[in-house]
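Please open the model in your viewer and keep the selection tool at hand. The stops below say what to select next and what is there.

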Amino acid sequence: MRELIEAAIVKKARAELRKQQRSEATRKKYAAKFHTRTGNKAGAPALKEPAVWSLHPHFDPRYCIKHAPYLARVIWSKLQAGTYQTVPAVRFSIEKPGGGARIINCFTVVDSAIANLVHSIATKRNGNLFSSSSYAYRPDKTIFDAIINLRRSIKGHKIYVVQYDFRRYFDSIDHLYLEKIIKDADHFILSSSERAAIRAFMAYRFASFEDYSGGIYETSATGVPQGSSLSLFLANATSHALDVKLEKMNGSFVRFADDVVAVTASYSDALSIAHAFTSHCDSAGLSINRDKSPGICLLGDSIELDQRTHVIDGDDVATIKTISSFDYLGHNIGHNIVRLPDKSIKRIKRRVAEIIYKHLLMYIRDKTDPPYIGSISKDRI
């Protein structure tokens with residue numbers, strides 16, 4: 001295991017160095033393009049190493065490669081003793097296109113290597129235990145497999161679609177629930193050192209870039225760290241109990257991490273599936289984002305959509321919205337159709353317009369020599 005840890009550290013460090021080299025090459029390439037388009041000499045690219053490299057030696061890939069044997073020996077000893085802790089991560093906030101912010105944690109090269117190794121081993125060993133309807137973060141399945149199988153399950157004229165969106169899924173998973181999963185051999189097969197690594201990442205420390213040097217750290221009390229590959233295994237492990245419940249019910253479902261959609265031909269079965277969602281939330285410390293969750297809808301097979309009222313047990317009345325299609329994992333799905341949703345088409349058009357503007361219109365030096373606009377227009381590059 002020590003040799004595997006050493007190899008993982010070197011692999012991760014070299015990947016970080018290649019990423020930095022590609023960034024430097026990209027800056028030089030665009031500086032040359034700027035000169036070609038405008039005739040003006042571009043300023044020298046600012047070739048600076050990432051600021052996080054200076055916060056702790058384990059963030060610096062050059063240090064990690066040089067000291068990989070020693071680091072591997074120390075880490076392996078701590079994992080065996082159950083005393084391994086991650087170096088505090090640097091937390092960044094990234095704005096989402098639709099509003100709000102996504103929290104990302106930047107772990108050291110060493111800790112990222114440990115996370116990658118444990119995730120790979122645990123996923124490979126427990127891969128056959130996961131549901132066949134779970135598609136995320138698995139080497140043998142892709143997002144397109146999920147879409148194809150979901151499309152195949154839509155048969156018949158009366159199909160109920162059940163969709164719920166979890167609120168802050170990765171940040172909300174209850175640690176007691178996770179502890180039960182990793183401790184109980186009936187759930188997943190994990191070694192004691194793998195459990196030690198998982199517990200370290202569950203209770204990781206973090207700070208913003210501004211507070212990091214001052215040693216002002218916080219400790220995670222819930223959820224799994226976004227920015228660590230180990231959270232991918234834990235996300236699948238958390239929803240495994242939900243998968244087992246849904247497998248026993250009528251209909252079919254597809255889950256990609258926290259994105260779940262189920263289809264069934266019976267409204268009563270749809271209600272049972274909805275109850276399975278809420279029951280799982282109660283157990284795992286999760287909650288459903290009602291504002292973003294369509295809930296139970298009737299998938300119509302014609303343009304004419306109607307509102308249907310269902311009577312359950314003689315007195316429980318509910319109105320069901322009828323839809324012609326639904327969005328899932330960047331696709332719009334309906335009877336006999338799989339296509340891009342409108343918001344994806346708009347995003348592609350915006351990107352194409354941006355590329356055209358930057359490459360053809362932004363740096364027009366002279367409209368006549370050589371002409372950019374007109375019947376004899378010419379692209380300088």
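Select Ser 134 and show its surroundings: leaving aside neighbours within four places in sequence, Ser 134 is in contact with Lys 141, Asn 236, Asp 243 and Arg 255, where contact means heavy atoms within 4.5 Å. This is a predicted model, in which local features need pLDDT of at least 70 and side-chain atom pairs count only at pLDDT 80 or more, while totals for chains, interfaces and linings use all residues. Residues are numbered from 1 along each chain as its sequence is written, and side-chain values use heavy atoms, with hydrogens and water left out.

Ser 134 sits in the loop between H4 and helix H5 (143-152); helices are DSSP runs (H or I, at least four residues), numbered from the N terminus. With a relative accessible area of 0%, Ser 134 is buried (buried means under 20%, exposed over 50%, partly exposed in between, with a 1.4 Å probe and protein chains only). Asp 243 lies 109 residues from Ser 134 along the chain, yet their C-alpha atoms are separated by 7.7 Å.

Next, select Asn 126 in helix H4 (residues 109-126), which is buried, with a relative accessible area of 0%. A polar atom of the Asn 126 side chain lies 2.7 Å from the backbone nitrogen of Ile 189.

Finally, move to Tyr 357 in helix H13 (residues 342-361), which is partly exposed at 44% relative accessible area.

Notes:
Helices (H or I, at least four residues) and strands (E, at least two) are DSSP runs, numbered from the N terminus. A polar contact is a pair of N or O atoms within 3.5 Å; within protein, one must be able to donate a hydrogen and the other to accept it, and residues adjacent in sequence count only if both atoms are side-chain atoms.
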